[in-house]
Amino acid sequence: MLSEPIFLNVHMYGIMVAIGILCAFVILLWILKKKQIEPKFIDFLFYNGLISIAAGFCFAALFQAIYDYISNPDAGFHFNGGLTFIGGLVGGVLCFLVIYCIFRNKYTTRLYEVISIFPCSILIAHALGRIGCFFAGCCYGKETNSIFGIQFPGLTHPVHPTQLYEAVFLFLLCAVYVYLIVKRDFKYNMSLYLITYGIFRFLIEFIRGDERGSFIGVLTPSQFWSVVMIITGICVFFVMQKNSRRKDDEKIL
């Protein structure tokens, strides 16, 4: 049974999430040092990241509780242990930005100079987390008779292992973004991440089989936030492009 603990109360889901967070920090610190970012700012990003991850988990639980309440108000508002990645991402990012705005004047490095590194960390953590979802038997897809179908405990028919579909996509995306930032010094990884993952998540929702209710119209909560991610990604691109042009103008002057 996929969701059985492997040692006392330790589950593979928790193990994979922990490994994902560790890998995220390893990649982040490796690229930051490779780019010769000031050590004090690296320390700040590390501690800010820890706080933001903790906040992200809280928001992930809060968002899921809100979705459950909207879907079934009669059941009341309560936390049932469920988490939603996009809710955690939104909350974690907001927490990170608030802390950065408070302390940014203490450092010479600016956020826009390192923002393209962050998607590499997010992607590796998310990919490993999705493998954790596979072991937990959650976030599965719709029923299927294809060769890819897997029957999870508690289900009567094989379903699409959407957790693995997403994990493969995220691993590939992570490899591409690491290459772009390390070898090409690409400045638009964040906008590219928001757009590409937003599109992917919007589409894969059509074959997700776990019932999470509708949010706005026929859109699932994740589809709604996917649209927000795509729009945000486009806005981030133009902001980064504007900053890049300004820096080029300063060099000419």
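This is a predicted model: local features need pLDDT of at least 70, side-chain atom pairs count only at pLDDT 80 or more; totals for chains, interfaces and linings use all residues.

Visitor: Are α1 and α2 roughly parallel or roughly antiparallel?

Guide: Helices here are DSSP runs of H or I with at least four residues, numbered from the N terminus. Axes are lines fitted to C-alpha atoms over the stretch in contact, and angles run from 0 to 180 degrees between N-to-C directions. The axes of α1 (residues 12-34) and α2 (residues 39-71) cross at roughly 155° and come within 11 Å. Angles under 35 degrees count as roughly parallel and over 145 as roughly antiparallel, so α1 and α2 are roughly antiparallel.

Visitor: What covers the buried residues of α1?

Guide: Buried means under 20% relative accessible area, exposed over 50%, and partly exposed in between, with a 1.4 Å probe and protein chains only. The buried residues in α1 are M16, V17, G20, A24, F25, I27, L28, I31 and L32. Their cover includes α2, α4 and α5.

Visitor: What span does α4 reach from its first C-alpha to its last?

Guide: The expected span of a helix is 1.5 Å times one less than its number of residues. Helix α4 (residues 118-136) has 19 residues, and its expected span is 27 Å. The span in the model is close to that, at 27 Å.

Visitor: How many of the 19 residues of α4 are buried?

Guide: Helix α4 is largely enclosed by the rest of the structure. One partner is α3 (residues 85-103), whose axis lies 13 Å from that of α4 at an angle of about 150°, which makes α3 roughly antiparallel to α4. In this pair F85, L89 and F96 of α3 meet F118, I122, H126 and R130 of α4. Of the 19 residues of α4, the number buried is 15.

Visitor: How many charged residues does the contact of α5 with α6 have?

Guide: The axes of α5 and α6 cross at roughly 165° and come within 12 Å, which makes α5 roughly antiparallel to α6. T162, Y165, E166, F169, L170, L173, Y177, L180 and I181 in α5 meet N189, L192, Y193, T196, Y197, F200, R201 and I204 in α6. By class, this contact has 12 nonpolar and three polar residues, and the charged ones number two.

Visitor: What is the relative accessible area of G198?

Guide: G198 lies in helix α6 (residues 189-204). Leaving aside neighbours within four places in sequence, G198 is in contact with Y193, S226, M229 and I230. The C-alpha atoms of G198 and V228, 30 residues apart along the chain, are separated by 8.0 Å. G198 is buried, with a relative accessible area of 0%.

Visitor: Is C139 buried or exposed?

Guide: C139 sits in the loop between α4 and α5 (162-183). Its phi is near 60°, a positive value in a residue other than glycine. Most residues other than glycine have a negative phi. At 15% relative accessibility, C139 counts as buried.

Visitor: What is the relative accessible area of D185?

Guide: D185 is in the loop between α5 and α6. D185 is not a glycine, yet has a positive phi of about 50°. D185 is partly exposed, with a relative accessible area of 37%.

Notes: Residues are numbered from 1 along each chain as its sequence is written. Side-chain values use heavy atoms; hydrogens and water are left out. Helices (H or I, at least four residues) and strands (E, at least two) are DSSP runs, numbered from the N terminus. Angles under 35 degrees count as roughly parallel, over 145 as roughly antiparallel, 65 to 115 as roughly perpendicular and the rest as oblique. Contact means heavy atoms within 4.5 Å. Ala, Val, Leu, Ile, Met, Phe, Trp, Tyr, Cys and Pro count as nonpolar, Asp, Glu, Lys and Arg as charged, and the others, Gly among them, as polar.
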